[in-house]
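Grab a pencil and work through these exercises one at a time. Try each task yourself before you read its solution.

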Amino acid sequence: LYHMSSAEAIHESCEIDTMRQIGLIPGALSAVHKMQDHNLELHFLTHRHESLSDETRNFLVEEGIDVEHFECDLKFAKIPYCQERGISHIIDDKPLTLEEAVSTGIEAHTLAWQYTSQVSKTHGIPVTHNWYDLLQSVLDRIEKDSNQS
């Protein structure tokens, strides 16, 4: 994917054969399982073409992820979905989604991607460099939130 333009790489990375070839980001499966072990209700929301919905969901299941809540649509509105369900934390990589989360009071988390650095700095969004640290960041913020309640 490195030889492609950003748009081409994003499109290609959503294709099922590419997903299977690349696999999950290291640490993602363990992090998801640990979040579920902490009784966190996870919702998998992806901005991919809806024609990829079944393939994407099946890929996650094949990788060992229990996918109870799943939405796949290019036009899907993640933040209203979270607000309607009382979801207090979101992990995302799209700067616009991160900004919208912060503006509505949803705790935003992201991995360190070049395209998320500015929004992260501007809004004080925790940035981690791998799923292991991301897991700890999310759990720390949830614990802090529950202690303040």
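You're looking at a predicted model, where local features need pLDDT of at least 70, side-chain atom pairs count only at pLDDT 80 or more, and totals for chains, interfaces and linings use all residues. Residues are numbered from 1 along each chain as its sequence is written, and side-chain values use heavy atoms, with hydrogens and water left out.

**Exercise 1. Find which residues of helix 4 are buried, and what they pack against.**

Step 1: Locate helix 4, which covers residues 53-62. Helices (H or I, at least four residues) and strands (E, at least two) are DSSP runs, numbered from the N terminus.

Step 2: Pick out the buried residues: Ser53, Thr56, Phe59 and Leu60. Buried means under 20% relative accessible area, exposed over 50%, and partly exposed in between (1.4 Å probe, protein chains only).

Step 3: Look down the axis of helix 4: its buried residues fall within an arc of 135 degrees, so they line one face. The arc is taken from the directions that run from the helix axis to the C-beta atoms.

Step 4: Check the neighbours. The buried residues of helix 4 pack against helix 2 (16-22), strand 1 (43-46) and strand 2 (69-72).

Step 5: Read on past the end of helix 4 and you reach Gly64, with a positive phi near 100 degrees.

**Exercise 2. How many salt bridges are in the whole structure? Look at some of the pairs.**

Step 1: Know the rule: a side-chain nitrogen of Lys or Arg must lie within 4 Å of a carboxyl oxygen of Asp or Glu. Side chains of opposite charge can pair when their charged atoms come close.

Step 2: Searching everything gives four salt bridges. One of them joins Glu62 and Arg20, with the closest N and O atoms 2.9 Å apart. Glu62 is in helix 4 and Arg20 in helix 2, so this pair ties together parts 42 residues apart in sequence.

Step 3: Another pair is Arg141 and Glu107 (2.2 Å, N to O). Arg141 lies in helix 8 (residues 131-148) and Glu107 in strand 4, so parts 34 residues apart in sequence are tied together.

Step 4: Glu84 and Arg85 make a salt bridge too, at 3.3 Å between the closest N and O atoms. Glu84 counts as exposed because its relative accessibility is 64%, while Arg85, at 43%, counts as partly exposed.

**Exercise 3. Is His43 buried or exposed, and which side chains make polar contacts with it?**

Step 1: Find His43 in strand 1. Its relative accessibility is 18%, so His43 counts as buried.

Step 2: Look for polar contacts (pairs of N or O atoms within 3.5 Å; within protein, one must be able to donate a hydrogen and the other to accept it, and residues adjacent in sequence count only if both atoms are side-chain atoms). The His43 side chain has one with the side chain of Glu41 at 2.8 Å, and one with the side chain of Tyr81 at 2.7 Å.

Terms used:
Contact = heavy atoms within 4.5 Å.
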